[in-house]
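Subject: Structure for your review

Hello,

Please find the structure below, with the sequence alongside. My notes on it follow.

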Amino acid sequence: MSIGAIIAIIVVALVIVAVIAIALPRMRDNARERDLARRRGAIADAHRDRASDRVARAEEAEQIAARERAEAELHETRARLHERGLADDELDAEDERFGDGRFEREEREERDSTVPPEERSSRW
C-alpha cells in the first residue's frame, strides 16, 4: 500500500469518528426530547381526565342541590299554605307523613318490653 492510501484511510476514519462524536449526542438529545414530549402528553391527558371527572361530579352535585332547593321551596310553600289555612284538607295526611314524635319513644319502649331481654341485647 502506498502512503497516500494509508493517509486517505486514516482521514476517512477520523471523519467517521468525528461524525459519530458529533451525531451521537444530538441523537441522544432528540431521543430525550421525544421521551419528554411523550411524558408531557401522558401527564396532560391524565390531568384532563381528572378534570373531566371533577366537572361531571360538580354537575351532578349542582343537579342534586337544585333538586334539594326545589324540594325545600315546595315545603316552604306548603308551610305557608298551612299557616294561612288554605290546606286544611291535607292536615291528616301531613300528620301521618311527618308524625308528631311525642309518643314514638313510649310506643317503641312498649314494643321492646314484649321482646325477651336476651333478644333485645342481640338486636342492639
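**What was found**

Val15 is partly exposed, at a relative accessible area of 47%; in these notes buried means under 20% relative accessible area, exposed over 50%, and partly exposed in between, with a 1.4 Å probe and protein chains only. Val15 is found in helix H1. Helices (H or I, at least four residues) and strands (E, at least two) are DSSP runs, numbered from the N terminus.

This is a predicted model, in which local features need pLDDT of at least 70 and side-chain atom pairs count only at pLDDT 80 or more, while totals for chains, interfaces and linings use all residues. Residues are numbered from 1 along each chain as its sequence is written, and side-chain values use heavy atoms, with hydrogens and water left out.

**Confidence**

pLDDT is the predictor's confidence in each residue, from 0 to 100. The chain has an average pLDDT of 83, and 76% of the residues score at least 70. Confidence is highest in H1, at a mean of 93, and lowest in helix H4 (residues 117–123), at 52. Please keep that in mind when looking at H4.

**Overall make-up**

The chain has four helices and zero strands, and its elements run α-α-α-α from the N terminus on. Of its 124 residues, 3% count as buried.

**Helix H1**

H1 covers residues 3–84. After H1 comes Gly85, which has a positive phi near 80°.

Val15 belongs to a nonpolar surface patch that also includes Ile3, Ile7, Val11 and Val19, and together these residues have about 470 Å² of accessible area. Patches are made of residues with over 30% relative accessible area and no salt bridge; like charges are joined within 9 Å, and nonpolar side chains (Val, Leu, Ile, Met, Phe, Trp, Tyr) within 5 Å.

**Salt bridges**

How many salt bridges does the structure hold? There are four, a salt bridge being a side-chain nitrogen of Lys or Arg within 4 Å of a carboxyl oxygen of Asp or Glu.

- Arg38 and Asp35 meet at 2.5 Å, N to O. Both residues lie in H1, three residues apart, about one turn of the helix. Arg38 is exposed at 53%, whereas Asp35 is partly exposed at 32%.
- Arg48 pairs with Asp45, with the closest N and O atoms 3.7 Å apart. Arg48 and Asp45 are separated by about one helical turn because they are three residues apart in H1. Arg48 is exposed at 57%, and Asp45 is partly exposed at 45%.
- Arg80 and Glu76 meet at 3.9 Å, N to O. Both lie in H1, four residues apart, again about one turn of the helix. Arg80, at 39%, is partly exposed, and Glu76, at 40%, is partly exposed.

Regards

Methods. Accessible areas come from the Shrake-Rupley method with a 1.4 Å probe; for residues, only the protein chains shown count as cover.
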